[in-house]
Amino acid sequence: MNRLKLKQISIATFVSLGMLSTSSIAANDIVKIDGSSTVYPITEAVAEEFQIATRIKVTVGVSGTGGGFKKFCRGETAVSNASRPIKLNEIKRCKESGIKFIELPIAYDALSVVINKKNDWAKEMTLSELKKMWEPAAQGKIMKWNQIRAGWPDEPLRLYGPGADSGTFDYFTEAVIEESKAIRGDFTASEDDNVLVKGVSGDKGGIAYFGLAYYEENKNLLSAVAIKNSTGNFVLPSLKTIMNGSYNPLSRPLFIYLNAEKVKSDPNVKKFVEFYLKYAAELSKEVGYVPFSKEEYAAITNHYKTLQTGSAYKEPKIGLSVKEILELSAANN
Amino acid sequence: MVNDKKAEIENNLTRIRSLITKHKRHDHIFAGVGMFIIISLTITLLVLFLDLVFDGYPRFNLDFLTNFPSRRATAAGILSAWVGSALVLIVTFFAAVPLGIAAGVYLEEYAKKNWFSDLIEINVTNLAGVPSIIYGLLALGLFVYGFGLGQTILTAGLTLALLMLPIVIVATREAIRAIPIHIREAAYAVGATKWQVSLHHVIQYSYGGILTGVIIGMARAIGETAPVITIGALTFIAFLPPSPVGLEPPFINFEWLEAGFTVLPIQMFNWISRPQMAFHVNAAATGAIIILLTLLMNGLAIKIRYNIRKKIKW
């Protein structure tokens, strides 16, 4: 009896060792996607519907925008989710391995700045006030609300924000501090936005920023801050103000990047992207993001059909409209 | 004189008595502290577990186990995640157990006690303490890109096998050491070779301890997230890998080893970081299931060890 067991175990060992040497067969019929966790809910929704409609298999991973581009530039994935535009060093890496890409904006996300419900003074803020709070020079010095604006109370100021790995962090620093990744070190950082929600909802002097969906789901716990936009008005983040462009500059486009070669050669990838563009408006809204207008999606679809490769972002830029992104992309490449 | 002696004896007696009471008091204090620690640990675990159960209660139904992930929290399930976890654990089992037992038997029965086996011993013990993310990074370089195995179930299984290997080796050695030397001597006396002694006696009698180590190792592997994310596990996958058993000869196929996958902790992590509360319910339900599986596996280990120990009579 026991000897039999041993025999089984040793056979299993040989089998498993033997399997080590078999070469892996790439499954071509699966559409492989990876990248940002912010874009993930939209892509997940599209993939779910696409799979039901066409029975073509789709997988989506969450390696973060940067991790996604690493795989994308190795040619491992057909589509890469990105919560920020591709960076120059990533463009370079793709170029080195001969990967050409198509850049498609697919929906808006808005960074909402939120405060505690009991905070009755900071209902409106300007970008320079946000900068005063968050810039590296503020570290250890700006600790009270009355240091930001005279007239605000002598309450301790406590900051909560996403960690340095997130695209949200990149965008916030570029838009508010005007220098990518520059921020004071003494704030509570978490990669999980729900932790930030908990932090500010229990802290009268707390302030945080994160994606609109997290504010929408926690409206009973937090208040949003109206931000002064480019025309001088204080605007609260909402579906309407983001769609009409008045909530700026803290609303940002989300992207998917397509492997141009795979779009041409793999009919499944092509079908998936077409499906994505067709349903992006409906599905992005359903999962808590802000869709573009119909005309804008039409323009994006046209841009996709020309198979124009390359990025609109030769340098980091804030607050481009969809039209400007597509035009710049055509002009740059 | 006599009274003096009597007094001295009594004096000594009271001293000794008070000493004994003092030491007994220490005994009680230690037992109390130990009890307090155990109870507070158990209560912590229980509270955490019950919290998850209460939060995840609305999702405890068959649909949750048979549905794929979805953007609608109430329709989402953990089918691809638990199948992924199960298949990865199968690979882990078949890779780690034979290697681990063989290594343990070699180190205890065959290896000469010299600086080299000391070195191996130190290394094995150290490996058990290496953070799991390090194994993930090693596997990413070695299995995924070095051997070209890709981001597959096979890679994940082998990675977790590395993680589990030291536990199995240490458990095997402990179990073997518990076997009295006269069992071996008796076998040698009737002319058994070292191989026969190991196979017919040593391994037989140490099964209980080895199995305990194996199951505890597997229980650790099932909750691992970091190394599995590092090697590229997926988050959304709404189809199952090819079935390992087929209807046509050769009936068994190994295509599933090369499939992409997700596992329970990754699915849970994804849901907990969503903004919608409904997904947090899913995460709680998944967490409760992971804890339940771990408890079941540990319970099974204790039961098996108990049964096997009862059977062995020297």
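Reply: Start with charge pairs: 26 salt bridges are counted over all chains. This is a predicted model, where local features need pLDDT of at least 70, side-chain atom pairs count only at pLDDT 80 or more, and totals for chains, interfaces and linings use all residues. Side-chain values use heavy atoms, with hydrogens and water left out, residues are numbered from 1 along each chain as its sequence is written, and chains are lettered from A and ligands numbered from 1 in the order in which they are written.

Me: What makes A:D34 and A:K71 a salt bridge?

Reply: The rule asks for a side-chain nitrogen of Lys or Arg within 4 Å of a carboxyl oxygen of Asp or Glu. The closest N and O atoms of A:D34 and A:K71 are 3.0 Å apart, so the pair qualifies. A:D34 lies in strand β1 (residues 31-35) of chain A and A:K71 in helix α3 of chain A, so the bridge ties together parts 37 residues apart in sequence. Helices (H or I, at least four residues) and strands (E, at least two) are DSSP runs, numbered from the N terminus.

Me: Why is A:D34 called buried?

Reply: Buried means under 20% relative accessible area, exposed over 50%, partly exposed in between (1.4 Å probe, protein chains only). A:D34 has 3% relative accessibility, so it counts as buried. A:K71 is buried too, with a relative accessible area of 12%.

Me: How do you know whether A:K144 and A:D154 form a salt bridge?

Reply: Their closest N and O atoms are 3.6 Å apart, and they form a salt bridge. Both residues sit in the loop between α5 (127-134) and β6 (158-161) of chain A, 10 residues apart. A:K144 counts as partly exposed at 32% relative accessibility. A:D154 counts as exposed at 51%.

Me: Which residues are linked in a network of salt bridges?

Reply: A:E48, A:E49, A:E286, B:R71 and B:R72 are linked in one.

Me: What makes A:C73 and A:C94 a disulfide?

Reply: The test is a pair of cysteine sulfur atoms within 2.5 Å. The sulfur atoms of A:C73 and A:C94 are 2.1 Å apart, so they pass. The structure holds one disulfide over all chains. A:C73 is in helix α3 (residues 64-73) of chain A and A:C94 in helix α4 (residues 88-96) of chain A, 21 residues apart. Both cysteines are buried.

Me: Why is this disulfide called left-handed?

Reply: The torsion about the S-S bond of A:C73 and A:C94 is about -75°, so the disulfide is left-handed.

Me: What is the phi of A:R55?

Reply: Phi of A:R55 is near 65°, a positive value in a residue other than glycine. Most residues other than glycine have a negative phi. A:R55 lies in the loop between α2 (40-54) and β2 (58-60) of chain A. At 73% relative accessibility, A:R55 counts as exposed.

Me: Why is chain B called more spread out than a compact globule?

Reply: Chain B has 11 helices and one strand. Its radius of gyration is 26 Å, well over the 20 Å that the globule rule gives for 314 residues, so chain B is more spread out than a compact globule. The radius is taken over C-alpha atoms, and the rule is 2.2 Å times the number of residues to the power 0.38. The C-alpha atoms of chain B fill a box of roughly 95 × 60 × 35 Å, taken along the principal axes.
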